[in-house]
Amino acid sequence: MGVTNKLGEMGVVTLRLEEAVNWARTNAMWPMLFGLACCAIEMMSTQASNYDMSRFGMELMRPSPRQSDLMIVAGRVSRKMAPVLRRLYDQMPDPKWVLSMGDCASCGGVFNNYAIVQGVDEIVPVDVYVAGCPPRPEQLMHGIITLHERIKQNRLADWA
Amino acid sequence: MNLIRGFATTIKHVFEEPVTIQFPEEERPVRERFKGRHALKRYDNGLEKCIGCSLCAAACPADAIWVEAAENSDEARYSPGERYARTYEINMIRCIFCGYCEDACPTEAIVLEHEYRLSFNDRVDAVYTKDMLIDPVPPGGQDTPQVTEPGKFTRSIPEMKDPD
């Protein structure tokens, strides 16, 4: 699609461009603050000096959706919070990713009741699910590495 | 004077070792009682400890475990006693790693180990089947199903080494 269709197969050039763009995307990802429950405490711990998420280029948790490209949904999403989450996701500029941190965000966890959304993938497309209740900071970082691996497989043909 | 004392504290910390753990390369060892990914255990002769009683599924507060039992026979024996777990699935993004399954298990078949690297690209990948959970056959043991002599493995719960 897009560029490849117009220019034909660019071979080495497209490969390098893909690699450069994917490198840029993975190494300067700005996560959005979306701490909803106890998982947020572990997310803060991941940011703090012991685990230091800025090693992955995530110096700042952006409270503004328009400046971020990764949404870490940390905690259980109630039905009342769901429209807010969707709205914030819609406000994020492309390309954007969603990391569902912990059991409650991934599938409801122990809260199998009417008040909790049974997994945020009901309302937003989720890229990586991280297990744990709550996940250790290492688990969240492993999830971020999994997301990086996924982004590195992005191809130029899929962008357009 | 307070200014000097304040900056002295700062300068003291400049020469300290950084506390950051470089995670993918370097890991902080978990505690002995840390509860991570489950493992299904085997006896020394290779038979599975799990007898398919579903007590773990009943004890699970998040309904993360699904067990389907089937009958053992002496020609094809998976575990001591009458039944074994034909299907054993744990949904890792549902499990809250509380360890109630470990407490409920009458044969100490399910144990929460120290593996914690659990992230998935798809929620279907998070369902761990019996093949992924079960331990490898110990040396000297034999893989299941085994052919056993009749009358040897009649009890589901054999004498345990340490009932505590």
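**Notebook: chain B, with a check on chain A**

I began with the elements of chain B and found 4 helices and 6 strands; helices (H or I, at least four residues) and strands (E, at least two) are DSSP runs, numbered from the N terminus. I then read chain B along its sequence and noted the pattern α-β-α-β-β-α-β-β-β-α. The radius of gyration of chain B, taken over C-alpha atoms, is 23 Å, well over the 15 Å that the globule rule gives for 164 residues, so chain B is more spread out than a compact globule. That rule is 2.2 Å times the number of residues to the power 0.38.

I recorded that this is a predicted model, in which local features need pLDDT of at least 70, side-chain atom pairs count only at pLDDT 80 or more, and totals for chains, interfaces and linings use all residues. Residues are numbered from 1 along each chain as its sequence is written, chains are lettered from A and ligands numbered from 1 in the order in which they are written, and side-chain values use heavy atoms, with hydrogens and water left out.

Next I looked up the extent of chain B: along the principal axes, its C-alpha atoms fill a box of roughly 85 × 35 × 30 Å. I found that 40% of the 164 residues in chain B are buried (under 20% relative accessible area, 1.4 Å probe, protein chains only).

Lastly I turned to confidence in chain A, where the mean pLDDT (the predictor's confidence in each residue, from 0 to 100) is 85. In chain A, 89% of the residues reach 70 or more.

Technical notes. Buried means under 20% relative accessible area, exposed over 50%, partly exposed in between (1.4 Å probe, protein chains only).
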